[in-house]
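Here are a few exercises to work through with the model open in your viewer. Try each one before reading its solution.

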Amino acid sequence: SYPKGFDNLYKNGIRNAKYYIPFIAATQASLRRRYPSGIVEIFRGIGGEAGRKLRRQYNRMESEDILAVPHSGLSSFSSNEKEGRVFAGTTGITLKKHISINDVWLLPSIFTGVYKGEDEFLVEGDSAQLFRKDELISE
């Protein structure tokens, strides 16, 4: 069974989806111009207790292991590795992934211009939740 209130949330989401479509279309057009390969490298730092737990798992990984880092819904990633490292701090971990631009829903900087030195990507959670050891940065 669905969580309480799911039906109302679903109906509201369907009703409001039309407002997001122009932003998603503008994001996709901008990404196609900026990343002609169709692939973008993204980073996300995870600090605090979650980051420490992921780092402990990373330290036990073999090179062929996969670490699952589930995200619900959209997740924010940066084009700048240094930004990811800032969020990870000294005890967390930074995730690195190459994803299709089709998995990027929004690129806020094309609308606001407030992100200097990086692009911030709002990414479909399913596209960036499984990481090989070489896609994790722990220093």
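Two strands pair if DSSP finds at least two bridges between them; helices (H or I, at least four residues) and strands (E, at least two) are DSSP runs, numbered from the N terminus. This is a predicted model, where local features need pLDDT of at least 70, side-chain atom pairs count only at pLDDT 80 or more, and totals for chains, interfaces and linings use all residues. Residues are numbered from 1 along each chain as its sequence is written, and side-chain values use heavy atoms, with hydrogens and water left out.

**Exercise 1. Work out which residues touch the most other members of the largest nonpolar core.**

Step 1: A nonpolar core is a set of buried Ala, Val, Leu, Ile, Met, Phe, Trp, Tyr and Cys residues joined through side-chain atoms within 4.5 Å. Buried means under 20% relative accessible area, exposed over 50%, partly exposed in between (1.4 Å probe, protein chains only).
Step 2: go through the 22 members; V40, I42, F121 and L136 come out with the most.
Step 3: zoom in on V40. Skipping neighbours within four places in sequence, V40 is in contact (heavy atoms within 4.5 Å) with Y35, K97, H98, I99, I101, V104 and F121.

**Exercise 2. Inspect both ends of helix α3.**

Step 1: at the start of α3 (residues 81-88), a side-chain oxygen of N80 comes within 2.8 Å of the backbone nitrogen of K82.
Step 2: after α3 comes G89, with a positive phi near 70 degrees.

**Exercise 3. Decide where confidence is lowest and where it is highest.**

Step 1: start with the whole protein, whose mean pLDDT (the predictor's confidence in each residue, from 0 to 100) is 85, with 86% of residues at 70 or more.
Step 2: compare elements. Helix α4 (residues 109-112) is lowest, at a mean of 66, and β4 is highest, at 95.
Step 3: keep a caveat in mind: where pLDDT is low, the predicted coordinates should not be read in detail.

Note on methods. A polar contact is a pair of N or O atoms within 3.5 Å; within protein, one must be able to donate a hydrogen and the other to accept it, and residues adjacent in sequence count only if both atoms are side-chain atoms.
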